Amino acid sequence: MKRKSVAIVGASETTELGVIPHLSQMGLHADAALNAMADCGLSPKDIDGVATAGQSPTEIAWYLGITPTYVDGTSVGGCSFMLHVRHAAAAINEGLCNTVLITHGESGRSGIGRGGFGGGPSTLGGQFEAPYGIFGAPNTFTIPVLRYMKQYGVTEEQLAMVAVVQREWAGRNPRAAMRDPITVDDVLSSRLIAWPFHLLECCLVSDGGGALILTSAERAKDFPTKPVYILGTGESVETPMVSQMEDLTSSRAFKVSGKKAFDEAGISHKDVDHLMIYDAFAHLPLYGLEDLGFVGRGEAPAFIAEGNTRMGGKLPLNTNGGGLSYAHSGMYGMFALQESVRQMRGTAPAQVAGAKIAVSHGVGGMFGAAGTIIMSNEAP
Amino acid sequence: MCQVIFVADIRKPLPKATPETQEFWDGVKQGKFILQRCNDPKCAKVYFPPRPFCPVCASRSVSSFAGSGRGKLASYVINHRPAPGFDAPYGICIVDLDEGPRLMTSIVGVPQTPEALVLDMAVELAPTVASDEISLPTFRPVGA
Ligand SMILES: [Zn+2]
């Protein structure tokens, strides 16, 4: 952090203070944010970074109409906003974003619209999604896919192929939970979870975890392990409610995050040797391949069905077997990153020979958030 | 538009209105789908769910109006793992309103099957009475 390289340019409290029974907690965040933007003459379209605590930054960004390339949900108690300032300074210096909005709102006295991450009947999700019988990811994350299938003429058999190909990869991974080969018929005859999704198109439920340690490229040379360099990074959020996606056939967060990472890495798609796309359900690799730009709109189902992502194909995808066949603890992103690192180190059970560049793409919520990390094993 | 009233199971999760959404929930009780519009003529964005400012240009000058209550079925799943108070299988649907905004909802009064839930079919507001305070903005096929 260079001294005096970043400054606070807008600042404001909520319009009222003390007892505010006519605004929800989200409303307090928004009121303070609008006032701070007015203070320095900015509008939401000028903001490309969002930080908050005690409330999802996805909610804040969507509620205010912000499309961020930097998101900080660090939540460590009352000092969280000091940490947000620090992270924002680093982010701005690093070029992750230009203008960060940090918000606080708390209906501490009146208790209106409290609940933060998805709890409570007065939250956005509590009012506008929970009443219709959503019950966890399997019947919520999956809702957009019928629109995608109709728009591009995708069949249930093609959707099932995602699970079939990933099971082939899992068969090469001794740690994968599900290793026996499956057919399209096996997938389509497995139990219905939320039509058109069958059991074998939904992720596993596993115990497990992972960790990563990062250091400077300079220091990395002194470690005994083969360094895996970060080439490019991206992040974004869209909406806390799947029903509010701008386009049911495409994730805005995927597109923004992926473009940021590719631009930062300075590579093109043909340079990518190995790809991980967080697959909580079978449609996610389809959306991921298209939104990251590996194939055109509507081309992903045929791309997978034709074998391009299987062993020996031109774009090996989810080579551990993915959340569908390897493991899924709940926050699977760490497992996608671990497989990317193994591939870059040359130590993966289903190693892609000569792989030099790996892309690891994760999702958060139900198309709510995205993060993209591009790695290389070639020294800078 | 709401001669038929569908009554919800009391075990189902119920929305709790906030000051920003109270007008919307009051509207559903009266058979209306209240939307909001930005008053800036250069913007004029119609949006949902309700909030006291425009999500496109951030103007605090916005108005409420009764929408047509009509739209098209955009996507759905037929859920086989019921939430408490629900009997599976049932559809969880997304409707695109004629005015532009989309919402999650249920299509009521028809079988919860792929044959009855046809993508892009026209639907209209058919509220479900859930409690004394809350009616849900559920929909049914036009002409059903
Ligand atoms: Zn506007």
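1. Helices (H or I, at least four residues) and strands (E, at least two) are DSSP runs, numbered from the N terminus. With that in hand, chain A comes to 13 helices and nine strands. Its radius of gyration, taken over C-alpha atoms, is 22 Å, close to the 21 Å that the globule rule gives for 380 residues, so chain A is as compact as a globular protein of that length. The globule rule is 2.2 Å times the number of residues to the power 0.38.

2. A word on what you are looking at. This is a predicted model, in which local features need pLDDT of at least 70 and side-chain atom pairs count only at pLDDT 80 or more, while totals for chains, interfaces and linings use all residues. Residues are numbered from 1 along each chain as its sequence is written, chains are lettered from A and ligands numbered from 1 in the order in which they are written, and side-chain values use heavy atoms, with hydrogens and water left out.

3. Back to chain A as a whole: the C-alpha trace spans about 65 × 55 × 35 Å along its principal axes. Of the 380 residues, 55% count as buried (under 20% relative accessible area, with a 1.4 Å probe and protein chains only). Take the contacts (heavy atoms within 4.5 Å) between residues at least 6 apart in sequence: 67% of them join residues at least 24 apart.

4. Not counting residues up to four places away in sequence, A:T319 touches several others, including A:W169, A:H274 and A:V352.

5. Now to chain B, where an open sheet of three strands runs in the order β3-β2-β4 with antiparallel pairing. The edge strands, each pairing on one side only, are β3 (46-47) and β4 (62-66). Two strands pair if DSSP finds at least two bridges between them; β2 (residues 34-38) and β3 of chain B pair over two bridges. B:Q36 has B:Y47 as its bridge partner in β3(B).

6. Finally, B:E20 deserves a visit, in the loop between β1 (6-7) and α1 (22-29) of chain B. Its side chain makes polar contacts with the side chains of A:S24 (2.8 Å) and B:T18 (3.0 Å).

Notes: A polar contact is a pair of N or O atoms within 3.5 Å; within protein, one must be able to donate a hydrogen and the other to accept it, and residues adjacent in sequence count only if both atoms are side-chain atoms. Buried means under 20% relative accessible area, exposed over 50%, partly exposed in between (1.4 Å probe, protein chains only).
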